[in-house]
Amino acid sequence: MLVNVLLYEAGTESEGIHSLELRGKTVILMFEDKDDAERYCGLLEAQDFPTPSVELLTRTDIEAFCIEAGYEARYVEKGFIPSNDEERLMISPPLSNLEVGNWQTNDNSNDNLSSNEQLEDIKKR
């Protein structure tokens with residue numbers, strides 16, 4: 001199954017995936033619907049956050065990437081309606097964002113590959 005994820009600087013050495021910090025856990029959103037993913041990008045842009053691109057990848061690859069990197073993957077179904085504040089962040093980004101200047105040096109993985117290299121490997125599959 002293919003899902004839409006939000007990538008920054010896709011296809012470059014500094015490629016990164018959009019994430020949320022929820023209760024101390026890094027969460028990667030996987031959107032079923034491309035329109036929902038693009039809407040989320042627009043909301044990020046409206047907050048003066050760097051605008052990611054929407055990329056189509058397999059759900060199993062993203063979930064495997066998240067497991068390897070110590071992240072949590074969350075699937076956002078088309079027409080998803082949140083039932084609480086935490087779920088609301090799956091369709092609308094938080095009002096404040098973390099600084100992105102050092103995301104490349106953050107190594108949450110015990111593997112020899114960085115998160116960027118893992119993402120690139122997934123995209124080649």
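Visitor: Leaving aside its neighbours within four places in sequence, which residues is Glu9 in contact with?

Guide: The model is predicted, so local features need pLDDT of at least 70 and side-chain atom pairs pLDDT 80 or more, while totals for chains, interfaces and linings use all residues. Residues are numbered from 1 along each chain as its sequence is written, and side-chain values use heavy atoms, without hydrogens and water. Contact means heavy atoms within 4.5 Å. By that rule, and with neighbours within four places set aside, the partners of Glu9 are Ser14 and Glu15.

Visitor: Where does Glu9 lie, and what is its phi?

Guide: Helices (H or I, at least four residues) and strands (E, at least two) are DSSP runs, numbered from the N terminus. Glu9 falls in the loop between β1 and β2, the latter being residues 16-17. Glu9 is a residue other than glycine, yet its phi is positive, near 50°.

Visitor: How far apart in space are Glu9 and Ser53, C-alpha to C-alpha?

Guide: In sequence, 44 residues separate Glu9 and Ser53. In space, their C-alpha to C-alpha distance is 7.8 Å.

Visitor: Is Arg23 buried or exposed?

Guide: Arg23 is found in the loop between β3 and β4, and its phi is positive, about 50°, although it is not a glycine. Buried means under 20% relative accessible area, exposed over 50%, and partly exposed in between (1.4 Å probe, protein chains only). The relative accessible area of Arg23 is 76%, so this residue is exposed.

Visitor: In what order do the elements run from the N terminus on?

Guide: The protein has four helices and six strands. From the N terminus on, the order is β-β-β-β-α-β-α-β-α-α.

Visitor: How far is Val76 from Leu29, C-alpha to C-alpha?

Guide: Val76 lies in strand β6, residues 72-76, and counts as buried because its relative accessible area is 1%. Beyond four places in sequence, the contacts of Val76 include Leu29, Phe31 and Met90. Val76 and Leu29 are 47 residues apart in sequence, but in space their C-alpha atoms are apart by 6.9 Å.

Visitor: What is the angle between the planes of Phe31 and Tyr40?

Guide: Rings of Phe, Tyr and Trp (its six-membered ring) pair if their centres lie within 6.5 Å; planes under 30 degrees apart count as stacked, over 60 as edge-to-face and the rest as tilted. The whole structure has three aromatic pairs. Phe31 and Tyr40 form one of them, with 5.6 Å centre to centre; the pair is tilted, and the angle between its planes is 55°.

Visitor: How is the aromatic pair of Phe65 and Tyr71 arranged?

Guide: The two ring centres are 5.8 Å apart. Phe65 is buried at 1% relative accessibility, and Tyr71 is buried at 15%. With 70° between the planes, the pair of Phe65 and Tyr71 is edge-to-face.

Visitor: What arc do the buried residues of α2 cover?

Guide: Helix α2 spans residues 59-69, and its buried residues are Asp61, Ile62, Phe65, Cys66 and Ala69. The face turned away from them carries the exposed residues Thr60 and Ile67. The arc is that of the directions from the helix axis to the C-beta atoms. The buried residues of α2 are on the same side of the helix because they cover an arc of only 135°.

Visitor: How many disulfides does a search of the whole structure find?

Guide: A disulfide is a pair of cysteine sulfur atoms within 2.5 Å. Cys41 is buried at 6% relative accessibility, and Cys66 is buried at 1%. Over the whole structure, the number of disulfides found is zero.
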